[in-house]
Amino acid sequence: MTKREEYEQRTEQLLLPILAELKFELVDVEYVKEGSNWYLRAYIDKEGGIAVNDCEAVSRRMNSLLDEEDFIPDAYIFEVSSPGLGRPLKKEKDYARSMGKELEIRTYRAINWEKEFYGILTAYDEKSVTIETAEGDSLTFAKTDIALIRLAFDF
């Protein structure tokens with residue numbers, strides 16, 4: 001397990017009791033470097049969506065725990081955020097929640113001269129995702145071939 005994965009996992013362990021108490025859902029935790037700064041980000045959600053004051057409530061409680069535990073030796077910025085409309089599907093629960101909904105899939109390499117696909121999620125497992133296109137075609141993708149998978153949204 002990499003240090004990044006350890007930090008993310010430990011952060012999840014600290015966050016889950018706080019989120020359970022507030023009846024929020026943990027969508028994801030990431031520890032990433034952007035420019036010269038490290039960021040520890042928690043993405044949370046709840047029925048009806050997350051508001052700024054929800055993020056603030058979690059952040060305040062989590063900051064004191066992070067200071068107490070002090071398991072990340074590098075300087076970093078902690079952020080709590082809503083996952084937003086364009087959030088990628090990462091975990092099993094994301095796929096389960098998205099069954100029957102339209103997805104956008106982008107692949108690393110072209111498949112039949114295309115790299116972008118849209119369709120209704122009809123099946124998934126740990127290795128693959130199947131969608132049905134508007135034309136009625138059933139397409140199955142290996143998860144290792146998928147660069148991005150998220151709910152499709154129209155404006």
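Leaving aside its neighbours within four places in sequence, which residues is Thr107 in contact with?

Modeller: This is a predicted model, in which local features need pLDDT of at least 70 and side-chain atom pairs count only at pLDDT 80 or more, while totals for chains, interfaces and linings use all residues. Residues are numbered from 1 along each chain as its sequence is written, and side-chain values use heavy atoms, with hydrogens and water left out.

With those neighbours set aside, Thr107 is in contact (heavy atoms within 4.5 Å) with Glu114, Lys115, Phe117, Phe141, Asp145, Ile146 and Ala147. Thr107 belongs to strand S4, residues 102–111; strands are DSSP E runs of at least two residues and helices are H or I runs of at least four, both numbered from the N terminus. Thr107 counts as buried because its relative accessibility is 5%, where buried means under 20% relative accessible area, exposed over 50% and partly exposed in between (1.4 Å probe, protein chains only). A polar atom of the Thr107 side chain lies 2.7 Å from the backbone oxygen of Arg109.

Now the sheet. S4 is one of five strands in an open, antiparallel sheet, ordered S7-S6-S5-S4-S8; strands pair if DSSP finds at least two bridges between them. Strand S7 (138–142) and strand S8 (146–151) are at the edges, each with a single partner strand, so one side of each has no neighbour in the sheet. From one strand to the next, the twist averages 40°, taken between axes that are lines fitted to C-alpha atoms, with angles from 0 to 180 degrees between N-to-C directions. S5 and strand S6 (residues 128–132) run antiparallel and are joined by four bridges. Ala123 stands opposite Thr130 in S6.

The loop between S4 and strand S5 (114–124) holds Asn112. Asn112 has a positive phi of about 55° although it is not a glycine. Most residues other than glycine have a negative phi. Asn112 counts as exposed because its relative accessibility is 64%.

For comparison, consider another threonine. Thr11 is found in helix H1 and is buried, with a relative accessible area of 0%. The side chain of Thr11 has a polar atom 2.7 Å from the backbone oxygen of Tyr7. Not counting residues up to four places away in sequence, Thr11 touches Val29, Leu40, Met62 and Phe71.

Methods:
Polar contact = N/O pair within 3.5 Å; in protein donor to acceptor, adjacent residues only side chain to side chain.
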